[in-house]
Amino acid sequence: MIKWMGAIFIIIATTWAGFEAAKHLSARTRQLRQLKVALQSLEAEIMYGHTSLIVAAQNISKQLPNPLSQLFETFAAKLIKGHTSVKGAWEESLEDVWRFTAFKQGEYEVLKQFGETLGQHDRISQQKHIKLALSHLEREEADAIDRQNRYERMMKSLGVLTGLLLVILLM
């Protein structure tokens, strides 16, 4: 009886681990879509709303779920404090929130590069930099979707099968 309960716990634990790994793949795709929407909103705020970067970041943070809302909220707070440049505030905000995201290094580089141009140019040039960041994020999203399609089901199955293998080896 105790052996069977242990076997069930092992299978449940490894299955859970497989589903968590698969969830990370889908979270990356979802967060990339949200990030693209955030940058499009930023573009609209700057181009058509003529709002300041602080107000635009605050507005965007209210529209997004965590962790991206936290990125823009932190960015706006750092700009309000005024202790750093726009580039510095963006990079610090990115570093503060990064561990809570499902992003990979490619997205980090795109966002860091985007932060270097943020607030440095007139509205038209800023729009071009936002479009450039969006095109890079499109590429990263295509990669994320490809990885999700390729590996999500495998991760789930691998969790279950690993549990079964462990149970067989331990019995």
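Guide: Before we start, a crossing of two helices is called right-handed if the near helix is turned clockwise from the far one by less than a right angle. Also, this is a predicted model.

Visitor: Thanks! So which hand is the crossing of H3 and H4?

Guide: The crossing of H3 and H4 is right-handed. H3 covers residues 68-81 and H4 covers residues 86-98, and their axes come within 9 Å, crossing at roughly 140°.

Visitor: Are they oblique or roughly antiparallel, then?

Guide: Only angles over 145 degrees count as roughly antiparallel, so H3 and H4 are oblique to each other.

Visitor: Which residues make the contact?

Guide: From H3, they include Phe72, Phe75 and Leu79, and from H4 they include Trp90, Leu94 and Val97. The residues of this H3 and H4 contact split into nine nonpolar, three polar and three charged.

Visitor: OK, what about H1 and H2, at what angle do they cross?

Guide: Roughly 140°, with the axes of H1 (residues 2-47) and H2 (residues 53-63) coming within 10 Å. The H1 and H2 crossing is right-handed. Ala38, Ser41, Leu42, Glu45 and Ile46 of H1 meet Leu53, Ala56, Asn59, Ile60 and Gln63 of H2. In that contact of H1 with H2, six residues are nonpolar, three polar and one charged.

Visitor: Switching topic: is glutamate 140 buried or exposed?

Guide: Glutamate 140 has 11% relative accessibility, so it counts as buried. Glutamate 140 lies in helix H6, residues 123-170.

Visitor: And what does glutamate 140 touch?

Guide: Leaving out residues up to four places away in sequence, glutamate 140 touches Arg28, Leu32, Gly106 and Glu107. Glutamate 107 is 33 residues from glutamate 140 in sequence, with 6.8 Å between their C-alpha atoms.

Note on methods
Residues are numbered from 1 along each chain as its sequence is written. This is a predicted model: local features need pLDDT of at least 70, side-chain atom pairs count only at pLDDT 80 or more; totals for chains, interfaces and linings use all residues. Side-chain values use heavy atoms; hydrogens and water are left out. Axes are lines fitted to C-alpha atoms, for helices over the stretch in contact, and angles run from 0 to 180 degrees between N-to-C directions. Helices (H or I, at least four residues) and strands (E, at least two) are DSSP runs, numbered from the N terminus. Contact means heavy atoms within 4.5 Å. Ala, Val, Leu, Ile, Met, Phe, Trp, Tyr, Cys and Pro count as nonpolar, Asp, Glu, Lys and Arg as charged, and the others, Gly among them, as polar. Buried means under 20% relative accessible area, exposed over 50%, partly exposed in between (1.4 Å probe, protein chains only). Angles under 35 degrees count as roughly parallel, over 145 as roughly antiparallel, 65 to 115 as roughly perpendicular and the rest as oblique.
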